[in-house]
Amino acid sequence: MIKEKNMQLDIQYKDNEVIIMKGKDFEPAHIFQCGQCFRWYKESDDSYTGIVQNKALNVGKIDGNIIFKNTNKEDFLDIWMDYFDLKTDYDEIKKKISRKDPIMQNAVSFGEGIRILKQEPWETLISFIISSNNNIPRIKASIEKLSEEYGEYLGVYCGKKRFGFPKPEVLAALSVEKIAACGTGYRASYIKSTAAAIAKAPTALETIKSLDIENCQRRLMEYQGVGPKVAQCILFFSMGKMEAFPVDVWVKRVMEHFYFHKETPASVIQQFAWEKYGGFAGYAQQYLFYYAREQGIGKK
């Protein structure tokens, strides 16, 4: 066993396992059930298993310790440290967005273990195209079916066959009917079109990522199936634009319920969030989204 301090984290490296001792601001249920990701599944022991960069990982929490199984020191430092945003001080973010705001203080307290996953742009792009006018169980089922049918087989882990997310050229070569058969519905043509565009320009998403938020959103919306809300999700979850503030039905309702007290356009809500939370608006959105959905705030 190797033990070391890294970025104020007390990390132990074991054979095929990494442990963060007494990890702060990290609750698996908050992270994986706050609507930001779709390929993490709860196990019978309350841990979660997911696929990232064609690697299976199991994450759990026991006695305050965060346990990462099926990994090693090299992958933890090269992949998981960044993916789980472990170098970011969430205490400081929480203080900044909730100062003199009892509503946000309650939301932050409720979802105190949320961390924002740094997701891969291609998979995030397609996942949030599928998310449009959809619910999380259906979104997850569609993404899993696409992966099982057209992704790389990675082997069996935790008693289940695991598959990587399909590559752009693979989805581009499929018929709309085959994509739709994976439960994507009318979004199938958007997926095929976008996959074809990415297959022709494999570095396009990295180029887009380097732009400022306005140009980044404009370019993302050139892909079929990407409207303003979907673009804001992609900006925040995979493009590093932490000021992005996606306004979906839950966020709209909670903002109207707590801050506006009347029907309010998404654009007005977004502007309010940028002025109130600045470069941390995206974090505020996630705390509010999780709080509102789990508590049924504004539910109709």
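The structure holds one cavity of 30 Å³ or more. A cavity here is a set of points, on a 1 Å grid over the protein atoms alone, where a 1.4 Å probe fits but cannot get out. The model is predicted: local features need pLDDT of at least 70, side-chain atom pairs count only at pLDDT 80 or more, and totals for chains, interfaces and linings use all residues. Residues are numbered from 1 along each chain as its sequence is written, and side-chain values use heavy atoms, with hydrogens and water left out.

The largest cavity has a volume of about 50 Å³. Volume is the space filled by probe spheres set on the grid points, which are joined across faces, edges and corners. Arg39, Tyr41, Ile51, Glu144, Lys160, Lys161, Arg162 and Phe163 line this cavity; a lining residue has an atom within 4 Å of a point. Strand 9 gives the most to that lining, with four residues. Helices (H or I, at least four residues) and strands (E, at least two) are DSSP runs, numbered from the N terminus.

Follow strand 9 to its partner. Strand 8 (residues 153–157) and strand 9 (residues 160–163) pair in the antiparallel sense over four bridges; pairing requires that DSSP finds at least two bridges between two strands. Tyr153 has Phe163 of strand 9 as its bridge partner. Phe163 also belongs to the cavity lining. Two residues lie between the strands of this hairpin, and Cys158 takes a positive phi near 55° there.

Cys158 leads on to Asn58, one of its contacts. Asn58 lies in strand 6 (residues 55–62). What relative accessibility makes Asn58 count as buried? The value is 5%, where buried means under 20% relative accessible area, exposed over 50% and partly exposed in between (1.4 Å probe, protein chains only). Leaving aside neighbours within four places in sequence, Asn58 is in contact (heavy atoms within 4.5 Å) with residues including Glu43, Ser47, Tyr48, Ile67, Phe68 and Tyr157. A polar contact of 2.9 Å joins the side chains of Asn58 and Ser47. The Asn58 side chain also reaches the backbone oxygen of Tyr48 at 3.5 Å. A polar contact is a pair of N or O atoms within 3.5 Å; within protein, one must be able to donate a hydrogen and the other to accept it, and residues adjacent in sequence count only if both atoms are side-chain atoms.

Now the open space. The largest pocket has a volume of about 640 Å³. A pocket is an open set with protein on both sides within 12 Å along at least five of seven lines. Its lining counts 36 residues, of which Val52, Gln53, Gln119, Glu120 and Glu123 lie nearest the centre. Helix 5 supplies the largest share, six residues. Helix 10 and helix 12 are among the elements that each supply at least two.

Those two helices also flank helix 11: its buried residues pack against helix 10 (204–209) and helix 12 (228–238). They are Ile213, Cys216, Gln217 and Leu220. They cover an arc of only 95° around the axis, so they sit on the same side of helix 11; the arc is taken from the directions from the helix axis to the C-beta atoms. At the helix start, a side-chain oxygen of Asp212 reaches to within 3.1 Å of the backbone nitrogen of Glu214.

Arg187 counts as buried because its relative accessibility is 6%. A polar atom of its side chain lies 3.2 Å from the backbone oxygen of Asn133.
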